[in-house]
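Here is a short briefing on one protein structure. Look at the model first, then read the points below.

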Amino acid sequence: MTGRMQGKTAFVTGGGSGIGRATALLLAAEGARVALADIDVDTAEAAAALVRAAGGEALAIGCDVTRSSDVAAAVAQTVATFGRLDAAVNNAGIEGAITPITELDESAWARTIGINLTGVFLCLKHELLALRAQGTAPGSGSIVNVSSVLGLVAFPASADYTSAKHGVIGLTKVAALEAAAQGVRVNAVLPGFAETPMAERGRANVGPEVYAAVEQMHALKRLGTAEEIAEAILWLLSDASSFVTGSSLLADGGFTAQ
Ligand SMILES: NC(=O)c1ccc[n+]([C@@H]2O[C@H](COP(=O)([O-])OP(=O)(O)OC[C@H]3O[C@@H](n4cnc5c(N)ncnc54)[C@H](O)[C@@H]3O)[C@@H](O)[C@H]2O)c1
């Protein structure tokens, strides 16, 4: 089997569901060995089983991205199992409190920032340390952070989520500048609203009529699929994007073009 990720090892956080799961399956189909790290290890194991059933190599790891020791151990287990690290997708995230600032308590704010922003920082830290330790050849390492259209624009009642996702874009630029000297590229993908378990929870929270209006806010007049977001992530991880670093790639059905 040859593919765009042939011979590479990829580490995907939030790999048990939605965009992370679709990404892990696509990367494996393109020849990568994949480590799926998720706080819900059962879902990661189920996704890993799908990869193996299709003839690929996969490892499921229980990991809370807010805990530095968990992330360090997950990256180390990936390297110990597959021998190296080439690609990482910092995707684990939650939808946030969906509450106006005046009603948003500090613990809800801290939880969203902890997973969606600090979690990405901790992953970058341990991935870059592992890539440095293995002596990555120039141009062979690539990391993608999953932000959102809410990394560029805002919705009411999304202070925690929007702040974290804006932060991920800044963090991506800093990491790209710092990692360039070690031959590693770092980019962000900014999905529009995509049909995943997160969207199902969102629809249940705010009501189907609100979600129908959100659908219409995309120029393409539909939500994306997890597989469509995974394709953008794959391109940034693959050698096809070898001159791209520090960038934010919109995969948003035209949401932010208007
Ligand atoms: N679905 C959308 O509309 C949409 C739009 C833009 C951006 N995003 C972003 O895409 C990413 C994936 O979202 P999704 O829609 O696939 O959601 P999802 O809920 O389907 O999957 C998220 C995964 O992350 C895992 N996770 C949550 N907290 C974790 C933690 N502390 N440590 C490790 N794993 C953890 C969950 O267990 C789950 O498997 C998120 O960062 C999200 O903000 C999603």
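How do the residues of the lining of the second largest pocket divide into nonpolar, polar and charged? They divide into nine nonpolar, one polar and three charged. Here Ala, Val, Leu, Ile, Met, Phe, Trp, Tyr, Cys and Pro count as nonpolar, Asp, Glu, Lys and Arg as charged, and the others, Gly among them, as polar.

This is a predicted model, in which local features need pLDDT of at least 70, side-chain atom pairs count only at pLDDT 80 or more, and totals for chains, interfaces and linings use all residues. Residues are numbered from 1 along each chain as its sequence is written, and side-chain values use heavy atoms, with hydrogens and water left out.

**The second largest pocket**

- This pocket holds about 260 Å³ of space. (A pocket is an open set of points on a 1 Å grid over the protein atoms alone, with protein on both sides within 12 Å along at least five of seven lines; lining residues have an atom within 4 Å of a point.)
- Of its 13 lining residues, L124, K125, L128, A175 and E178 are the closest to its centre.
- Helices α4 and α5 (159–179) each supply at least two lining residues. (Helices are DSSP runs of H or I, at least four residues, numbered from the N terminus.)
- α4 gives the most to this lining, with six residues.

**The cavity**

- The count comes to one cavity of 30 Å³ or more. (In a cavity, a 1.4 Å probe fits but cannot get out.)
- The largest cavity has about 30 Å³ of space. (A volume is the space filled by probe spheres set on the grid points.)
- Its lining includes T13, V65, N90 and I115.
- α4 gives the most here, with four residues.
- The lining has five nonpolar, four polar and no charged residues.

**Helix α3 against helix α4**

- α3 (residues 68–82) and α4 (residues 106–134) pack at about 35 degrees, with axes 9 Å apart. (Axes are lines fitted to C-alpha atoms over the stretch in contact, and angles run from 0 to 180 degrees between N-to-C directions.)
- S68, V71, A72, V75 and V79 of α3 meet L122, C123, H126, E127 and A130 of α4. (Contact means heavy atoms within 4.5 Å.)
- By class, this contact has seven nonpolar, two polar and one charged residues.

**The ends of helix α6**

- At the start of α6 (residues 197–206), a side-chain oxygen of T196 reaches to within 3.1 Å of the backbone nitrogen of M198.
- Just after α6, G207 takes a positive phi of about 100 degrees.

Note on methods
A polar contact is a pair of N or O atoms within 3.5 Å; within protein, one must be able to donate a hydrogen and the other to accept it, and residues adjacent in sequence count only if both atoms are side-chain atoms.
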